[in-house]
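Here are my notes after going through the model you sent.

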Amino acid sequence: MKDITRAILLCILAVSLNFMTGYLFLDIFHIPLFMDTIFTVAIVFYCGLIPGLCVALSYNIIATFTLVIRGFTFEPYPMLFGISGALIALSTWFFARQKEEFRISTSVTLIYLVLIAVISSFCSIISSGIIDYVRYTVANLPDRVGPVRAFTEAFVNQKFSLFAACILGQIPSSITDRLITTFLGFGVYKLMVRVLGEEKW
């Protein structure tokens with residue numbers, strides 16, 4: 001019961017910190033990086049798949065309902081990005097569950113982290129591109145996703161289909177974001193181990 005309570009508290013903290021980093025990068029600095037999965041990655045490494053999925057899905061559901069508070073028009077579509085978050089958590093867990101292999105050497109750890117970043121990038125690009133395609137065909141994307149929209153419209157102007165443009169428009173931000181957040185998330189996990197001790201799962 002104590003372990004479950006700690007996992008729940010860590011998940012709540014992770015969702016809150018994902019909000020903070022996402023808000024800083026997108027809303028404050030207007031940098032075309034999402035940075036809202038650092039602590040999802042950390043929770044997957046530390047607590048496992050189910051807590052990681054809870055963080056990913058909770059973040060996107062709550063984020064949808066805070067749009068008005070943050071000064072944006074309410075729209076339900078951001079909830080769909082929970083699918084991308086869940087795929088990121090799943091692809092991270094696929095490698096993170098082999099913790100003993102991360103201890104072999106720094107080089108092996110780096111290879112695994114790059115693999116996680118590449119595979120989660122692919123999952124994020126495809127799923128988010130499809131979601132954006134749906135959003136484009138139903139309603140205009142809000143200005144707060146301007147960087148992704150700019151990339152997408154650049155491909156449309158090059159005579160790509162809207163569906164292809166929505167997928168390709170995700171690539172610059174998603175690849176960079178996944179590389180940074182995967183490595184930072186692993187760093188947060190190592191800090192958690194040092195401060196809280198190794199989690200058993």
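Predicted model: local features only at pLDDT ≥ 70, side-chain atom pairs only at ≥ 80, totals over all residues.

1. Let's begin with α2. The buried residues here are I38, F39, T40, V41, A42, I43, V44, F45, Y46 and C47. That makes 10 of the 10 residues of α2 buried, so the helix is largely enclosed by the rest of the structure.

2. Is M35 buried or exposed? M35 counts as buried because its relative accessible area is 3%, and the cut-off for buried is under 20%.

3. K159 is another residue to look at for its backbone. Phi is near 75° here, again a positive value in a residue other than glycine. The setting is the loop between α7 (146-157) and α8 (162-168). With a relative accessibility of 77%, K159 is exposed, whereas M35 is buried.

4. Now the largest pocket. Its volume comes out at about 600 Å³. Which elements give two or more residues to the lining? They are α1 (2-28), α3 (49-65), α4, α6 (106-138) and α9 (171-196). In total, 34 residues line the pocket, and F34, D36, Y59, N60 and F81 lie nearest its centre. Sorted by class, the lining has 14 nonpolar, 12 polar and eight charged residues.

5. The aromatics deserve a point of their own. A search of the whole structure turns up 13 aromatic pairs. One aromatic cluster is formed by F45, Y46, F94, F95, F102, Y112, F186 and Y189.

6. Which ring does the charged end of R97 sit over, 4.9 Å from its centre? That ring belongs to W93. R97 also lies over the face of F94, at 4.8 Å from the ring centre, and F94 is part of the aromatic cluster in the previous point.

7. Next, L87 in helix α4 (residues 81-96). L87 has a relative accessible area of 29%, so it is partly exposed. Leaving out residues up to four places away in sequence, L87 touches C123 and S127. There is also a C-alpha separation of 9.0 Å between L87 and A56, which are 31 residues apart along the chain.

8. Last, F183, which is in helix α9. Its relative accessibility is 32%, so F183 counts as partly exposed. What does F183 contact, once its neighbours within four places in sequence are set aside? The partners are L110, L113 and V114. F183 and N18 are 165 residues apart in sequence, and their C-alpha atoms are 15 Å apart in space.

Conventions:
Residues numbered from 1 in each chain as written. Heavy atoms only, no water. Helix = DSSP H or I, 4+ residues; strand = E, 2+ residues; numbered from the N terminus. Buried < 20%, exposed > 50% of the residue type's maximum accessible area, 1.4 Å probe, protein only. Contact = heavy atoms within 4.5 Å. Phe/Tyr/Trp six-rings, centres within 6.5 Å; stacked < 30°, edge-to-face > 60°. Lys NZ or Arg CZ within 6 Å of the ring centre and 35° of its normal. 1 Å grid on protein atoms, 1.4 Å probe; cavity = no way out; pocket = protein on both sides within 12 Å on 5 of 7 lines; lining within 4 Å. Points joined across faces, edges and corners; volume = space filled by probe spheres on them. Nonpolar A, V, L, I, M, F, W, Y, C, P; charged D, E, K, R; others polar.
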